[in-house]
Amino acid sequence: MYLFTLRMNLAALKQLLKDRSAEMTEDQRLKVWQKIEALQDAIELVEKFEKR
């Protein structure tokens, strides 16, 4: 359940970056990338715990 939500948020942020990158400032793009990286880390952790 949590994994699905995390993956959907990750996909949404990637799509946002793809669609609106030209309209964003460098700082805004950086913040989105940081959130993408944090979500990827969280997904990895959840996947590890689910395997246990």
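**Exercise 1. How many residues does α1 have, and what distance does α1 reach from its first C-alpha to its last?**

Before starting, note that this is a predicted model in which local features need pLDDT of at least 70 and side-chain atom pairs count only at pLDDT 80 or more, while totals for chains, interfaces and linings use all residues. Residues are numbered from 1 along each chain as its sequence is written, and side-chain values use heavy atoms, with hydrogens and water left out.

Solution. Step one is to identify the element: helices (H or I, at least four residues) and strands (E, at least two) are DSSP runs, numbered from the N terminus. Step two is to read its extent: α1 has 19 residues and reaches 27 Å from its first C-alpha to its last. Step three is to compare this with the expected span, defined as 1.5 Å times one less than the number of residues; the value for α1 is close to the 27 Å expected at 1.5 Å a residue.

**Exercise 2. Find which residues of α1 are buried, and where they lie around the helix axis.**

Solution. Begin with the classes of relative accessible area: buried means under 20%, exposed over 50%, and partly exposed in between (1.4 Å probe, protein chains only). By this rule, L3, L6, L10, L13 and L17 are buried in α1. Seen down the axis of α1, the buried residues fall within an arc of 95 degrees (taken from the directions from the helix axis to the C-beta atoms), so they line one face of the helix. An α-helix has 3.6 residues a turn, so residues three or four places apart point the same way. On the other side of α1, F4 and K18 are exposed, whereas the buried residues of α1 pack against α2.

**Exercise 3. Describe the surroundings of L10 and the core that includes L10.**

Solution. L10 is found in helix α1 and is buried, with a relative accessible area of 11%. Leaving aside neighbours within four places in sequence, L10 is in contact (heavy atoms within 4.5 Å) with I36, L39, Q40 and I43.

The next step widens the view to the nonpolar core, a set of buried Ala, Val, Leu, Ile, Met, Phe, Trp, Tyr and Cys residues joined through side-chain atoms within 4.5 Å. The largest such core has ten residues, namely L3, L6, L10, L13, L17, M24, V32, I36, L39 and I43. The elements that give two or more residues to this core are α1 and α2, and α1 gives the most, with five residues.

**Exercise 4. Locate the salt bridges, and say where in the chain the partners of each one lie.**

Solution. A salt bridge is a side-chain nitrogen of Lys or Arg within 4 Å of a carboxyl oxygen of Asp or Glu, and a search of the whole structure finds three.

- R7 pairs with E47, with the closest N and O atoms 2.4 Å apart; this pair links distant parts of the chain, since R7 is in helix α1 (residues 2-20) and E47 in helix α2 (residues 26-51), 40 residues apart. R7 is partly exposed at 41%, and E47 is also partly exposed at 28%.
- R29 pairs with E26 at 3.8 Å between the closest N and O atoms, and both lie in helix α2, three residues apart. R29 is partly exposed at 25%, whereas E26 is exposed at 62%.
- D27 meets K31 at 3.6 Å, N to O, and these two residues of helix α2 are four residues apart, about one helical turn.
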